[in-house]
Amino acid sequence: MKPALPAVSMAIIASATTSVGVARGFNFAKQLARSRSFRPSSASAPQFRRALSSPLHRTAFSTCFVGSEGAASEGTGSTSTSLSSAPPAKASAVASSSAEGADDEIEQTARNALSITGSLPAPLNFGGIPYLDTSSLAENHAHRVVFILGGPGAGKGTQSERIVDTYKCVHLSVGDLLRAGAEKPDYPHADLVKETLIKGKIVPVELSLGLLRIAMDEKADEKDAEYGSRLFLVDGFPRNFDNVQGWMEHMPSYTAVLGALVYNCPIEVLEQRIMARAETSGRSDDNLDSARRRFKTFHEQTEPVVHALERVEDMQAEKNAEGSQLHIANIDATGTVEDVWKETEAAMDAYVRNDVLTANAQLLKAIEDGDIDKFTELCEGKLEVDPVYEGPTPSVVSNAQVDIRGTKAVVSYDRQIKEGLKVRETREWSHGPTGWTCISVAREVDE
């Protein structure tokens with residue numbers, strides 16, 4: 001049964017559009033530079049930097065986005081509204097009030113989205129490394145989800161291709177699903193979707209989620225799949241508070257959002273990239289007018305969603321000793337493809353680590369319980385029980401290290417098996433049709 005969650009009212013959403021338009025016409029580069037950035041630490045556990053998210057910080061660095069010809073990004077026939085057009089005192093008061101209203105909506109949205117991580121329990125600890133026990137997802141037939149967010153031209157598609165190639169995830173671009181739906185003669189909402197995309201607006205959430213759910217289920221139900229329990233990369237969603245509300249109404253019962261990769265890039269760079277892409281993409285929305293409207297939509301509607309997801313992460317961390325279930329990774333997308341990939345890879349390793357450590361913890365539990373069937377399942381029958389090291393006895397794990405290599409992983413840790421017997425145990429894991437399985441083990445006895 002889905003959790004009963006308070007809905008975000010349409011009145012709140014409507015009021016946010018006005019307040020955000022006045023006070024939160026963010027300068028993309030400056031605003032996102034203050035967001036939390038994923039930085040892999042020297043330890044195996046990931047670290048996430050906190051954001052400066054007070055109204056004062058956001059207002060101080062805000063500016064309106066204006067097209068290159070001086071026309072507002074809404075269209076060439078309109079004019080820009082700037083805070084500088086009002087007397088300083090009045091502009092300051094308007095900005096402060098609007099920023100507070102936007103913060104209230106972010107806070108409310110975050111509270112309504114606390115269960116966006118689905119059935120994932122509070123983080124556990126494996127030998128000093130916090131991790132999420134993902135075993136409940138298999139039991140509930142729930143999909144693992146990571147959101148991919150960023151302005152048009154930020155490189156989401158390019159990085160997603162490398163993620164899929166390295167980790168064998170499933171990439172689902174909401175934009176691609178919508179564009180494909182717009183061209184399908186048998187899709188009843190094709191005309192509406194096509195018109196909305198051309199205008200640079202956001203498609204109604206029920207249409208986006210409908211297409212997304214179909215695609216996720218089809219991939220999960222594929223027969224003879226080479227990889228099981230895969231991560232779904234949901235590209236370009238959620239784009240606004242309405243998307244978040246729709247997700248919370250329809251998706252938590254069979255998905256678990258592990259986090260989001262947020263690609264941060266200045267507007268000037270994004271515009272150059274998208275216009276260069278227009279020369280070969282053939283996309284109807286790859287033009288200057290559509291690009292400007294999409295930039296404006298991202299500033300006003302998607303950036304606040306990122307802040308709400310970060311707030312969910314904060315609130316979960318406040319309740320759990322080992323941190324939050326949700327992790328938002330802010331990635332600097334201004335560099336080369338390789339530079340951006342290094343940050344993307346570090347963030348993905350942190351998500352994949354949950355499944356690897358869950359499997360390793362389950363294997364040790366099977367050893368302690370003398371559960372031969374579970375042991376055989378997690379080793380796919382490739383390893384035999386060693387009675388000296390794998391007898392039915394409790395063990396204590398410490399000083400763990402994890403090295404993720406796409407669909408391979410190595411987990412090392414000190415294991416106190418019984419009094420007088422301590423080993424450094426190293427297990428190699430491989431991602432296959434049934435998920436992660438142990439394919440080898442090596443031990444060094446601590447004399």
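The axes of helix α6 (residues 156–167) and helix α13 come within 10 Å and cross at roughly 50°. Here axes are lines fitted to C-alpha atoms, for helices over the stretch in contact, and angles run from 0 to 180 degrees between N-to-C directions. That angle makes α6 oblique to α13; angles under 35 degrees count as roughly parallel, over 145 as roughly antiparallel, 65 to 115 as roughly perpendicular and the rest as oblique. The crossing of α6 and α13 is right-handed. A crossing is left-handed if the near helix is turned anticlockwise from the far one by less than a right angle, and right-handed if clockwise.

The model is predicted: local features need pLDDT of at least 70 and side-chain atom pairs count only at pLDDT 80 or more, while totals for chains, interfaces and linings use all residues. Residues are numbered from 1 along each chain as its sequence is written, and side-chain values use heavy atoms, with hydrogens and water left out.

On the α6 side, T158, Q159, R162, I163, T166 and Y167 meet V337, E338, V340, W341, T344, E345, M348, D349 and V352 of α13. Contact means heavy atoms within 4.5 Å. By class, this α6 and α13 contact has 7 nonpolar, 4 polar and 4 charged residues. Ala, Val, Leu, Ile, Met, Phe, Trp, Tyr, Cys and Pro count as nonpolar, Asp, Glu, Lys and Arg as charged, and the others, Gly among them, as polar.

**Helix pairs**

Two packed helices are described by the angle between their axes and the distance between the axes. The table gives these values for the pairs described in this report.

| Pair | Angle | Axis distance |
|---|---|---|
| α6 and α13 | roughly 50° | within 10 Å |
| α11 and α12 | about 140° | 10 Å |
| α13 and α14 | roughly 150° | within 8 Å |

Helix α13 (residues 337–369) also packs with helix α14 (residues 372–379), and the angle makes α13 roughly antiparallel to α14. Their crossing is left-handed. A359, Q362, L363, A366 and I367 in α13 meet K374, F375, L378 and C379 in α14. By class, this contact has 7 nonpolar, 1 polar and 1 charged residues.

Helix α11 (residues 267–281) and helix α12 (residues 288–319) form another packed pair. They are oblique to each other, and α11 passes α12 in a right-handed crossing. The contact is made by I267, L270, E271, I274, M275 and R277 of α11 together with L288, A291, R292, R294, F295 and H299 of α12. It has 7 nonpolar, 1 polar and 4 charged residues.

**Chain totals and cysteines**

The chain has 14 helices and 13 strands; helices (H or I, at least four residues) and strands (E, at least two) are DSSP runs, numbered from the N terminus. Of its 447 residues, 49% count as buried. Buried means under 20% relative accessible area, exposed over 50%, and partly exposed in between (1.4 Å probe, protein chains only). Residues 24 or more positions apart account for 70% of the contacts in the chain with a separation of 6 or more.

The count of disulfides comes to 0, where a disulfide is a pair of cysteine sulfur atoms within 2.5 Å. The sulfur of C379 is 4.8 Å from the closest cysteine sulfur, in C438, which is too far for a bond. C379 counts as buried, at 0% relative accessibility, and C438 likewise counts as buried at 0%.

**Individual residues**

N243 is placed in helix α10 (residues 241–250) and counts as buried at 2% relative accessibility. Its C-alpha atom is separated by 5.5 Å from that of V205, 38 residues apart along the chain. Not counting residues up to four places away in sequence, N243 touches I202, V205, F237 and P238. A cis peptide bond joins F237 and P238, with omega about 0°. P238 is in the loop between β7 (231–235) and α10.

A190 lies in helix α8 (residues 190–198) and counts as buried at 8% relative accessibility. Leaving aside neighbours within four places in sequence, A190 is in contact with G181, A182 and K184.

H141, although not a glycine, has a positive phi of about 55°. H141 is found in the loop between α5 (135–139) and β5 (143–150) and counts as exposed at 65% relative accessibility. K168, also not a glycine, has a positive phi of about 60°. K168 is found in the loop between α6 and β6 (170–173) and is partly exposed, with a relative accessible area of 25%.
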